[in-house]
Amino acid sequence: GYKKSGMKGGLAKMRYKMNKKEKQSFRNLSTWMADELKKMGENKLAQMLRSNDEGVIAYSDTRLWKLIVNRKSFLPINYRRDELMADNLIHLLSEVYPNKKVIVIGATYHFIRNNQTIDPIKINFIPVHEAVIAGNLIYEQFANEIYTIGFTSYDGEYGLLREGKKGVAVKKPEANSLEHQLANRGVKQAFVSLRQSINEPFFSNGTSLRLFDHSSNATSKNWHNVLDAVYFIKTMQPLRD
């Protein structure tokens, strides 16, 4: 089933299942192989092996019918994915590049911290304010060494444009949003530091930012605890291949 592509391959992956005994046996074998790789000095391969195998175990709990009936059934898998993402990054930062400056690029959702300070909001059925976030886990170990920048825009289009397809229009933000305030002043690009934003009424009264998709307005009175800065681009242009 895993050799199939497209819809058939996707359905085959969704139907894959391991019982409790098979999971434990698979994990034991994975741990043994990782230990053997470490003895050979192949720590990077050992980490990749463990992360991949734990991902297989997590996704073996996915059921298409469960997702159709209850989308929340995917939450534990989504949270486990962030845990593994954090584990991989912590390995890279502490063991592979311990004395290097590292730039990590990814979806803003995965790199925020203190997400419990965001007003309750769901993005694609995921409750962002109470989710397990990779950025939170990484921050516990590297609090004084991380600078996180979110990216946002006021209008334009997004999506990967392929032949015959159009981009999706960015939804106009709310009046109390940072995006609206900047665009209203004719700003086309801006780097906005949030570290001292708690002292500014506009932020401390609860402003909104659209950092997780291009339609939802997330609000908080504590953005300085969530991100270090925001990079604003007034008009987003989609990637074209």
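1. Basis of the note. The model is predicted; local features need pLDDT of at least 70, side-chain atom pairs count only at pLDDT 80 or more, and totals for chains, interfaces and linings use all residues. Residues are numbered from 1 along each chain as its sequence is written, and side-chain values use heavy atoms, with hydrogens and water left out.

2. Packing of α5 and α6. Helices (H or I, at least four residues) and strands (E, at least two) are DSSP runs, numbered from the N terminus. Helix α6 (residues 134-142) packs with α5 at an angle of about 30 degrees, and their axes are 8 Å apart. Such axes are lines fitted to C-alpha atoms, for helices over the stretch in contact, and angles run from 0 to 180 degrees between N-to-C directions. The crossing of α5 and α6 is right-handed; this term applies if the near helix is turned clockwise from the far one by less than a right angle, and left-handed if anticlockwise. In contact (heavy atoms within 4.5 Å), residues of α5 including Met85, Leu89 and Leu93 meet residues of α6, among them Leu137, Ile138 and Phe142.

3. The structure holds eight salt bridges, each defined as a side-chain nitrogen of Lys or Arg within 4 Å of a carboxyl oxygen of Asp or Glu. In one of them, aspartate 87 pairs with arginine 50, and the closest N and O atoms are 2.2 Å apart. Aspartate 87 lies in helix α5 and arginine 50 in helix α3 (residues 43-59), so the pair ties together parts that are 37 residues apart in sequence. Arginine 80 and glutamate 54 form another salt bridge, with the closest N and O atoms 3.0 Å apart. This pair links arginine 80 in helix α5 to glutamate 54 in helix α3, 26 residues apart. Both residues also belong to a network of salt bridges that links Arg27, Glu54, Arg80 and Glu83.

4. Exposure of these partners. Buried means under 20% relative accessible area, exposed over 50%, and partly exposed in between (1.4 Å probe, protein chains only). Glutamate 54 is buried at 9%, whereas arginine 80 is partly exposed at 25%. Aspartate 87 is partly exposed at 26%, and arginine 50 is partly exposed at 31%.

5. A salt bridge between strands. Lysine 234 and aspartate 155 meet through their side chains in a salt bridge (3.0 Å, N to O). Lysine 234 lies in strand β8 (residues 229-236) and aspartate 155 in strand β3 (residues 149-158), 79 residues apart. Lysine 234 is partly exposed at 23%, while aspartate 155 is buried at 15%.

6. Surface patch. Leu92, Val96, Tyr97, Val102 and Val104 form a nonpolar surface patch with about 360 Å² of accessible area together. Patches consist of residues with over 30% relative accessible area and no salt bridge; like charges are joined within 9 Å, nonpolar side chains (Val, Leu, Ile, Met, Phe, Trp, Tyr) within 5 Å. Accessible areas come from the Shrake-Rupley method with a 1.4 Å probe, and for residues only the protein chains shown count as cover. Valine 102 is located in the loop between α5 (75-96) and β1 (122-123) and is partly exposed at 37%.

7. Asparagine 124 lies in the loop between β1 and β2 (126-127). Although not a glycine, asparagine 124 has a positive phi of about 50 degrees, and this residue is exposed at 57%. Phenylalanine 125, also not a glycine, has a positive phi of about 70 degrees. Phenylalanine 125 is found in the loop between β1 and β2 and is partly exposed at 22%.
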